[in-house]
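Work through the two exercises below with the model open. Try each task before reading its solution.

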Amino acid sequence: MLLDMSEFMQRRVYGADHDDPDPGPQPGHEYRELVGGPLDGLLVDVTGWDAEEVVEGAALITEIGAYGPGGRAQYGPRNGDSAKWDWEGDTP
């Protein structure tokens, strides 16, 4: 299911402050949607990442994963849908 632009623009970006008046995506930036795991539904800003980094995915810091504060949630590109990154598990 594709999001229309109004739905996409209402999404919260990973790393945005909870009190940020505009925690959504910004024009001119490139994002990947996080699917599953503790960061499900957030967008990660990959603007400026090189192609290799985007293909590798990322271990994103989260306090709500299996390892608590300081733990990371690993996300990687979904086969056949590069706009989405699937949760691959938590790491300390």
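This is a predicted model: local features need pLDDT of at least 70, side-chain atom pairs count only at pLDDT 80 or more; totals for chains, interfaces and linings use all residues.

Residues are numbered from 1 along each chain as its sequence is written, and side-chain values use heavy atoms, with hydrogens and water left out.

**Exercise 1.** Find the strands that pair with S1, and give their directions.

Solution. 
1. Locate S1 at residues 31–35. Strands are DSSP runs of E, at least two residues long, numbered from the N terminus.
2. Apply the pairing rule: DSSP must find at least two bridges between two strands.
3. Take S2, residues 43–45. It runs antiparallel to S1, with 3 bridges. Tyr31 stands opposite Asp45 there.
4. Take S5, residues 81–91. It runs parallel to S1, also through 3 bridges. Here Glu33 has Lys84 as its bridge partner.
5. Check burial, meaning under 20% relative accessible area with a 1.4 Å probe, protein chains only. In S1, 4 of the 5 residues are buried, so the strand is largely enclosed by the rest of the structure.

**Exercise 2.** Describe the surroundings of Thr62.

Solution. 
1. Read its accessibility. Thr62 counts as buried because the value is 7%.
2. List contacts (heavy atoms within 4.5 Å). Beyond four places in sequence, Thr62 touches residues including Pro38, Leu39, Gly70 and Arg72.
3. Compare sequence and space. Thr62 and Arg72 are 10 residues apart along the chain, and their C-alpha atoms are separated by 5.5 Å.
4. Inspect the side chain. A polar atom of the Thr62 side chain lies 3.2 Å from the backbone nitrogen of Ile64.

Technical notes: Buried means under 20% relative accessible area, exposed over 50%, partly exposed in between (1.4 Å probe, protein chains only). A polar contact is a pair of N or O atoms within 3.5 Å; within protein, one must be able to donate a hydrogen and the other to accept it, and residues adjacent in sequence count only if both atoms are side-chain atoms.
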